[in-house]
Amino acid sequence: MSADIWLTERGLPLAAPALSPDRILLIACGALAHEVLALRRQRGFDHLDLTCLPAKLHNTPERIPDAVRAAAERHRAGYKEIKLLYADCGTGGRLTALCDELGIEMLPGAHCYAVFDGVETFAARGEVTSFFLTDFLVRQFDAFVWRPLGLDRHPELRDAYFGNYRKLVHLAQVEDAATSELAARHAARLGLAFERRTTGYGDLGAALEGWARAGS
Amino acid sequence: MSEEETGEEIILSELDDAELVEQMFDDLYDGMREEIEEGVRILLDRGWAPYKVLTEALVGGMKIVGEDFRDGILFVPEVLLAANAMKGGMAILKPLLAETGAPTIGKMVIGTVKGDIHDIGKNLVSMMMEGAGFEVVDLGINNAVEAYLEAMEAEKPDILGMSALLTTTMPYMKVVIDTMVAQGLRDDYIVLVGGAPLNEEFGRAIGADAYCRDAAVAVETAKALIARRHNSAAAG
């Protein structure tokens, strides 16, 4: 099983329990795992531990709060501080309410697209008719878009889903020609114009930076 | 037993009325548009009133689809295919329903709110409401408060329906309702809201009459609230 499929289906288990009470636990969506690990490596945030929930929860947001609660309760004893790397992600404010209840900080914004693009920038763009994919979602397009929408079996439904969209925007976290080419092919499959936008890690980097510095 | 299981081709015109309606339920469930269109024509040729075809064959079949969707047996793609099949039947019946003066329960103006282009749920609600005997004025997607107000002024509906799929757009429903309150219009309409990130609590908090979790619930809620309105008007 490839790393991406593993992150989609199962998430990422915690590598080892915390040895020091000063460590911080990050509970993240599996779709952010690569980026969180890259930031941790690049910036030397060695006191941040990471566990991920299956990224496929993206397609059933009503299940996210319960999964987050279970993960937080499972690890609470080992960590003084837990941070949640989810934005609202379609939970209609339920994730924010849960974090308030548990005393956990979470990412700002509506979803990871806004986090990568920058929450304020994303809101200012006001792109109503754009369909967004991050690097991870480009690679896992069939698992998150094509198959769950039944387009593998019923391609004739494409316009019922995407008829109101105008373009597919690839929010690219890293420079990778193969991922971009794949994203362009997805746009063509959906009958949409294509735009690639390099975002880097956007507000994800800022959030991790803030939490890591406060906890170090 | 389905055609696939028996290996025999089913000739719709050879079925009696009850068998044909039963077969149409299956065909609707399987999203077979051409078969539904054929079934509708056969029933009309046999002298069925368009309203009877609509309610007994199409709405009856979609009710099963709706229940199985709610129970997690069917998913969105299958519901869309069933809806597409029903649309085929509706296209034949609609002009006939107008000619024959089929009963209308009420009128609804519906649209997705500003900033939201996701209309699958809204389209399903529109179709099911029409099937249940409501006149539906569909404003389409991305509606600002002005568009809702203009449509309510022009169409004088009983019900305003608003739909949103995004957490970022659902608060706009409150903007519309607050504007209705400010203009003294709120009590003139039943306001129904729906969409994946919503729930009953949100519906209450923004001042809607009801949150409807799916198209079937929207129809039942609309019927109940219209009946209650008529009853209180009669009592008053």
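**Exercise 1.** Which strands of chain A does helix α10 (residues 177-190) lie across, and at about what angle does α10(A) run to β6(A)?

*Solution.* The model is predicted; local features need pLDDT of at least 70, side-chain atom pairs count only at pLDDT 80 or more, and totals for chains, interfaces and linings use all residues. Residues are numbered from 1 along each chain as its sequence is written, chains are lettered from A and ligands numbered from 1 in the order in which they are written, and side-chain values use heavy atoms, with hydrogens and water left out.

Step 1. Helices (H or I, at least four residues) and strands (E, at least two) are DSSP runs, numbered from the N terminus.

Step 2. Helix α10(A) lies across β5, β6 and β7 of chain A, where contact means heavy atoms within 4.5 Å.

Step 3. The angle to β6(A) is about 160 degrees; axes are lines fitted to C-alpha atoms, for helices over the stretch in contact, and angles run from 0 to 180 degrees between N-to-C directions.

**Exercise 2.** Describe the sheet of chain A that has the order β5-β6-β7.

*Solution.* Step 1. This open sheet has 3 strands with parallel pairing; two strands pair if DSSP finds at least two bridges between them.

Step 2. At the edges are β5 (130-134) and β7 (193-198) of chain A, each pairing on one side only.

Step 3. Between β5(A) and β6 (residues 167-172) of chain A there are 5 bridges. Phe132(A) has Val169(A) in β6(A) as its bridge partner.

**Exercise 3.** Why is one side of β2 and of β5 (210-211) of chain B left without a neighbour in the sheet?

*Solution.* Step 1. The open sheet of chain B is ordered β2-β1-β3-β4-β5, with parallel pairing.

Step 2. Both β2(B) and β5(B) stand at the edges with a single partner strand, so one side of each has no neighbour in the sheet.

Step 3. Helix α7 (residues 145-155) of chain B packs on this sheet, touching β1 (106-112), β2 and β3 of chain B.

Step 4. Strands β3 (residues 159-163) and β4 (residues 190-194) of chain B pair over 5 bridges, and helix α8 (residues 172-182) of chain B lies across both.

**Exercise 4.** How confident is the predictor in chain B and in the complex?

*Solution.* Step 1. On pLDDT, the predictor's confidence in each residue from 0 to 100, chain B has a mean of 93, and 97% of its residues reach 70 or more.

Step 2. The complex receives an ipTM of 0.84 and a pTM of 0.88.
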